[in-house]
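The sequence and the model are shown first, and the description follows.

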Amino acid sequence: MSDLRFSFPACVIAGKGEITPDDVGLMRHHMWPDGITSRYQASMALALHDCCTTHCPEWTDYLVEAIAEFVVWRDSADGDVTGETAGWLLEKVASAGAVRSPAGLEIILHVLDIARNVPGFLSAAALNQLRLALLPEPRGAYAPGRLDSRGVTKADLAYLWRILRSAVDRGSIRLARAEQLILEQIDVLCEAEENHPGWRDVMLLTEIASRSDDIRATEWLLLDEDIPVTEHAAA
């Protein structure tokens, strides 16, 4: 993002390191009167978020809605998010597979909520945040807010099902290979006795999907070396 140059009022806001409700109004009026309509504008909004240490709820709500709408309806066609667009989004909000901020993670989740179709690697990237949170040295935006548990909690299940609910389509199980592998890795990392009983349903879904002809794989998401991913196709 080094080629970005903040214009007014973003330059003033970046200088003070805080985004207030008044700032949100100024930016919407002066910078994005028609919403966020280009990757440059989206990159600027995300860069401004990263460089400010304090954000009002109004800004976070606007950022999530505006970036997700751009990704789903402006940079893609008819709500079908392309692999290239999804890859661009991940490059903007994640480093080495770990989403940097809660707002960045919520953007991904909201894209999954409102899009008609997304590449499997985007939902795999969201699932991967739970795996990262369960590592001996947790990292990623999902880790700080979860309970200190070595098992899958009720809140974790709500997070997982928000991502996976599109995997069951009229009785057909459609999991990208990366999604399946990440769920299996989560199971390995967990202490079985600490898992919520609902985790068994998720693993049953994974087992059924492993026998389904609908499974497809993706290679965009580079996981750890112990999770090989070899093909690229949207789920």
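Ala96 lies in the loop that joins strand S3 (94-95) to strand S4 (98-99). In this predicted model, Ala96 has a positive phi of about 50°, although it is not a glycine. Most residues other than glycine have a negative phi. Ala96 counts as exposed because its relative accessibility is 71%, and the cut-off for that class is over 50%.

Asp78 is another non-glycine residue with a positive phi, here of about 55°. Its place is the loop between H4 and H5. With a relative accessibility of 56%, Asp78 is likewise classed as exposed.

Arg100 counts as partly exposed, at 38% relative accessibility. When neighbours within four places in sequence are left aside, the contacts of Arg100 are Asp50, Glu91, Lys92, Val93, Ala94, Ser95 and Ala141.

The relative accessibilities of individual residues discussed in this report are collected below.

| Residue | Relative accessibility | Class |
|---|---|---|
| Ala96 | 71% | exposed |
| Asp78 | 56% | exposed |
| Arg100 | 38% | partly exposed |
| His49 | 7% | buried |
| Ala125 | 4% | buried |
| Thr206 | 3% | buried |

**Overall composition**

The chain comprises 10 helices and 6 strands. Of its 235 residues, 50% are buried. Among contacts between residues at least 6 apart in sequence, 66% join residues that are at least 24 apart.

In soluble globular proteins, nonpolar side chains tend to be buried together. The largest nonpolar core of this chain has 71 residues, and Trp59, Ile67 and Val111 are those with the most contacts inside it. Helix H4 gives the most to this core, contributing 10 residues. Leaving aside neighbours within four places in sequence, Val111 is in contact with Ala68, Val71, Val72, Val81, Leu89, Val118 and Leu122.

Helix H4 (residues 57-74) packs with helix H5 (residues 83-93) at an angle of about 155°, and their axes are 10 Å apart. The two helices are therefore roughly antiparallel, as angles over 145 degrees fall in that class. On the H4 side, Ile67, Phe70 and Val71 take part in the contact, where they meet Thr85, Trp88 and Leu89 of H5. Sorted by class, this contact has 5 nonpolar residues, 1 polar residue and no charged residues.

**Helix H2 and its two faces**

Helix H2 (residues 21-30) has Asp23, Val24 and Met27 among its residues, and these three are buried. They lie on the same side of H2 because they cover an arc of only 100° around the axis. An α-helix has 3.6 residues a turn, so residues three or four places apart point the same way. Asp22 and His29 are exposed and sit on the face of H2 turned away from the buried side. The buried residues of H2 pack against helix H1 (10-16), strand S1 (18-19), helix H3 (39-51) and H4.

Where do individual residues in other helices stand, buried or exposed? His49 belongs to helix H3 and counts as buried, at 7% relative accessibility. Apart from neighbours within four places in sequence, His49 is in contact with His55, Trp59, Thr60, Leu63, Ser101 and Ala103. Among these partners is Trp59, which is also one of the residues with the most contacts inside the largest nonpolar core.

Ala125 is found in helix H7 (residues 120-133). Its relative accessibility of 4% places Ala125 in the buried class. The C-alpha atoms of Ala125 and Val99 are separated by 8.7 Å, and the two residues are 26 apart along the chain.

Thr206 has its place in helix H10 (residues 199-210). Thr206 counts as buried, with 3% relative accessibility. When neighbours within four places in sequence are set aside, Thr206 is in contact with Leu175, Gln180, Leu183 and Glu184.

Key. Residues numbered from 1 in each chain as written. Predicted model: local features only at pLDDT ≥ 70, side-chain atom pairs only at ≥ 80, totals over all residues. Heavy atoms only, no water. Helix = DSSP H or I, 4+ residues; strand = E, 2+ residues; numbered from the N terminus. Buried < 20%, exposed > 50% of the residue type's maximum accessible area, 1.4 Å probe, protein only. Axes fitted to C-alpha atoms, helices over the stretch in contact; angles between N-to-C directions. Parallel < 35°, antiparallel > 145°, perpendicular 65-115°, else oblique. Contact = heavy atoms within 4.5 Å. Nonpolar A, V, L, I, M, F, W, Y, C, P; charged D, E, K, R; others polar. Arc of directions from axis to C-beta. Core = buried A, V, L, I, M, F, W, Y, C linked by side-chain atoms within 4.5 Å.
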